[in-house]
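Open the model in your viewer and show it as a cartoon.

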Amino acid sequence: PGRLNVMALQQTALGLVLWPVEAVVKSAVGLVGLVLALPLFLVAVARRGARAFDLLSIWSTFSSVPGGRTAFSLAVPLVAPYSGSVGATVQNLSSREAEVTISDRPWLRNPFRSIHAVALINAGELTSGVPMMCLMSSADAKKTGVRGIPVAISADYKAKARGTITCKCSLASLDLDALPEGDSTVVLDTDLRDSAGEQVAIVHVTWSLRKQPKKK
């Protein structure tokens, strides 16, 4: 216990030093991305109107410029404050899949010098949530009247998570047309791996979906 307390104090002290530095660097990179992406976004608004404000359209604009992914990811806490607490960066996004990374930082660690289980499950839930949000706002979802909300989260932990962790979630098997009318559930699995490709966890997010009955 004494050794663990010392390790925890060391990580806390390191975090107090590194956190403001990382916050400044990320903010600077994000600001560059915002400045570069804003003219493109305004052009998209002029051309596409309200459709330019769709999450996937905003991602397409921001991810096309240097620093844009960071700027987009820094906006996550605006709509999901707790999910934004792990400092995740969205690397790739579509209405069918997402790739998100989190970095190994002292404030995300447990006393055993690995990323805390709750930080991993947080990142996994976020990785399933962003493509689902894109899908829910897609033309297919609007046509079928499908809406959804996460109702349960669980995880299988496979190994200690250290270094940069890449989280991937695919919605390829989710067919909105095949969903029954009314309420149903679907489980989305997010695969978490370290930089060596070793699986460190699988996060399972259960979504409650509701499909509106077709108008007669």
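In which sense do E4 and E5 pair, and over how many bridges? They pair in the antiparallel sense, over four bridges. Before going on, note that this is a predicted model: local features need pLDDT of at least 70, side-chain atom pairs count only at pLDDT 80 or more, and totals for chains, interfaces and linings use all residues. Residues are numbered from 1 along each chain as its sequence is written, and side-chain values use heavy atoms, with hydrogens and water left out.

**Stop 1: the sheet**

Two terms come up at once. Strands (E, at least two residues) and helices (H or I, at least four) are DSSP runs, numbered from the N terminus. Two strands pair if DSSP finds at least two bridges between them.

Select the six strands. They form an open sheet in the order E1-E2-E4-E5-E6-E3, with antiparallel pairing. Go to the edges: strand E1 (89–93) and strand E3 (146–157) each have a single partner strand, so one side of each lacks a neighbour in the sheet. Neighbouring strands are turned by 20 degrees against each other on average, direction ignored. For such angles, axes are lines fitted to C-alpha atoms, for helices over the stretch in contact; angles run from 0 to 180 degrees between N-to-C directions.

**Stop 2: along the strands**

Select E1 and strand E2 (residues 97–102). Four bridges join this antiparallel pair. Show Val 90: opposite stands Val 100 in E2.

Thr 166 stands opposite Arg 193 in E5. Keep Arg 193 selected. Its bridge partner in E6 is Gln 199.

Now take E5 with E6. This antiparallel pair runs over 12 bridges. The two strands form a hairpin with five residues between them. Pick Gly 197 in the turn: its phi is positive, about 90 degrees.

**Stop 3**

Select helix H5 (residues 117–136). H5 packs on the sheet and touches E1, E2, E3, strand E4 (165–170), strand E5 (182–193) and strand E6 (199–211). Contact here means heavy atoms within 4.5 Å. The direction of H5 makes about 155 degrees with that of E3.

Is H5 largely enclosed or open? Of its 20 residues, 16 are buried, so H5 is largely enclosed by the rest of the structure. Buried means under 20% relative accessible area, exposed over 50%, partly exposed in between (1.4 Å probe, protein chains only).

At 1.5 Å a residue, the 20 residues of H5 should span 28 Å, and the end C-alpha atoms are 28 Å apart, which agrees. The expected span is 1.5 Å times one less than the number of residues.

**Stop 4: salt bridges**

Turn on side chains. The whole structure holds four salt bridges, each a side-chain nitrogen of Lys or Arg within 4 Å of a carboxyl oxygen of Asp or Glu.

- Arg 105 and Glu 22 meet at 2.3 Å, N to O. Arg 105 lies in the loop between E2 and H5, and Glu 22 in helix H1 (residues 2–48), 83 residues apart. Arg 105 is partly exposed, at 27% relative accessibility.
- Arg 109 and Asp 104 meet at 2.8 Å, N to O. Arg 109 is partly exposed at 28%; Asp 104 is buried at 14%.
- Asp 183 and Arg 210 have their closest N and O atoms 2.7 Å apart. This pair links strand E5 to strand E6, 27 residues apart in the chain. Asp 183 is exposed at 51%, and Arg 210 is partly exposed at 47%.
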